[in-house]
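Welcome! Take a moment to look over the sequence and the 3D view, and then let us walk through them together.

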Amino acid sequence: MAVERDIFGIAGPTYLNPVNWNCENSRRSVAACLVQAVYVLERDRQLNRQSVDSVAPPWWEFFHFEMIRKLVDDADLSIFGAIFEFNPPSSKEASVQDAPRFVIAFRGTITEKETISRDLSLDLHLVQNGLHRTSRFTIAMQAVQNVATVFPGSSIWLAGHSLGAGLAILTGRNMVKKGALLDSFLFNPPFVAAPIERISDERVKHGFRIARSFITAGLTIAMKGKTEGNNQRSVAEEPFNILSSWTPYLFVNPGDHICSEYIGYFQHRKNMEDLGAGFIEKLATQNSIGDLFYKALGWESEPLHLLPSADLIVNVGPSPDFKYAHGISQWWQPELDLQCNKYRYS
């Protein structure tokens with residue numbers, strides 16, 4: 001959940017002029033740039049760059065957005081998000097009708113002295129499936145809900161990178177439960193599990209996934225029997241059927257162990273169905289071993305990575321190192337080697 005540290009202040013991609021809002025690549029690039037804008041906003045604050053010295057505005061002004069609010073953490077006063085409103089010079093272009101009116105973007109972890117303590121504590125909450133209990137999530141959720149309430153019917157995008165993608169997942173899921181499906185662009189979203197996708201031997205990898213599915217399903221059945229015996233809600237009743245109508249865009253890189261497990265998470269569903277073990281995988285998809293463990297201890301847990309549906313976009317091009325693979329800058333590049341798969345839960 002580390003930050004892109006070497007690109008603060010670099011202007012946005014000029015090839016996106018004008019933006020074709022009907023083009024998936026253009027939409028991806030704009031969303032990534034607005035997330036980068038939040039990183040630069042916080043860096044401006046840390047370096048006391050104000051007014052004409054600020055280098056953040058070009059990241060949204062280039063695409064005719066206005067920043068209408070900064071989202072500030074109540075613990076360290078850092079800027080972790082921003083609300084942008086689209087204000088095009090002309091609405092005559094056909095594709096402008098497909099542009100969002102608002103984009104709410106969240107940054108990831110910044111490893112600078114002003115933010116590292118707070119951000120790492122939030123990373124730990126995320127790993128423990130407890131990001132929903134933090135004040136940063138409360139601030140983010142209130143901001144998203146306020147925009148949706150004040151401007152009903154408006155097109156709203158969520159966008160986030162790494163830890164910020166975790167916030168976007170949480171807010172997006174909660175908005176689904178309130179009846180609102182928001183387009184969500186999740187860059188390098190964290191997947192809290194053993195990085196099985198990093199195993200090179202496909203047979204070993206597949207074996208590990210099958211074993212994990214059977215273990216997870218078995219624990220789910222055991223926990224279900226216990227909770228039903230106590231006349232409580234079943235742990236397997238995660239509202240997947242409700243969440244399945246929400247289809248976020250997940251942007252992952254195989255070289256990034258923080259998010260790469262999403263690749264196998266979705267593909268494994270089909271593999272298990274082909275083996276005739278669809279019921280087992282259905283239970284395993286709705287639960288995680290960590291989540292079951294925390295609930296067995298009586299802890300409130302909300303794992304982010306249990307997503308019913310998604311459009312999974314994988315950057316299969318060369319990644320020189322982890323810093324690039326996990327970085328936000330790859331996602332606004334014009335010539336990416338992408339593999340796209342649509343997964344729908346039923």
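## The protein as a whole

What percentage of the residues in the protein is buried? Of its 346 residues, 54% are buried. Please keep in mind that this is a predicted model.

Eleven helices and eight strands make up the secondary structure. Among contacts with a separation of 6 or more, 75% link residues 24 or more positions apart. The accessible surface is about 15200 Å², and carbon and sulfur atoms account for 53% of that area.

## A visit to helix H3

Let us now turn to one helix. H3 runs over residues 116–127, twelve residues in total. From first C-alpha to last, H3 spans 16 Å, close to the 16 Å expected at 1.5 Å a residue.

Which residues of H3 are buried? They are Arg118, Asp119, Leu122, Asp123 and Leu126. Looking down the axis of H3, you would find these buried residues within an arc of 140 degrees, so they line one face of the helix. In an α-helix, residues three or four places apart point the same way, because there are 3.6 residues a turn.

And what do the buried residues of H3 pack against? Their partners are helix H4 (135–150) and helix H5 (163–177). Just after H3 comes Asn129, with a positive phi of about 60 degrees.

## How confident is the prediction?

The average pLDDT of the protein is 85, and 77% of the residues score at least 70. Residues 1–11 stay under 50, and the model gives them 39 contacts beyond four places in sequence. Residues 229–238 are also below 50, with 20 contacts beyond near neighbours in sequence. Where pLDDT is low, the predicted coordinates should not be read in detail.

Technical notes: Residues numbered from 1 in each chain as written. Predicted model: local features only at pLDDT ≥ 70, side-chain atom pairs only at ≥ 80, totals over all residues. Heavy atoms only, no water. Helix = DSSP H or I, 4+ residues; strand = E, 2+ residues; numbered from the N terminus. Expected span 1.5 Å × (residues − 1). Buried < 20%, exposed > 50% of the residue type's maximum accessible area, 1.4 Å probe, protein only. Arc of directions from axis to C-beta. Contact = heavy atoms within 4.5 Å. Areas by Shrake-Rupley, 256 points an atom, 1.4 Å probe, with all protein chains shown as cover. pLDDT = per-residue confidence, 0-100.
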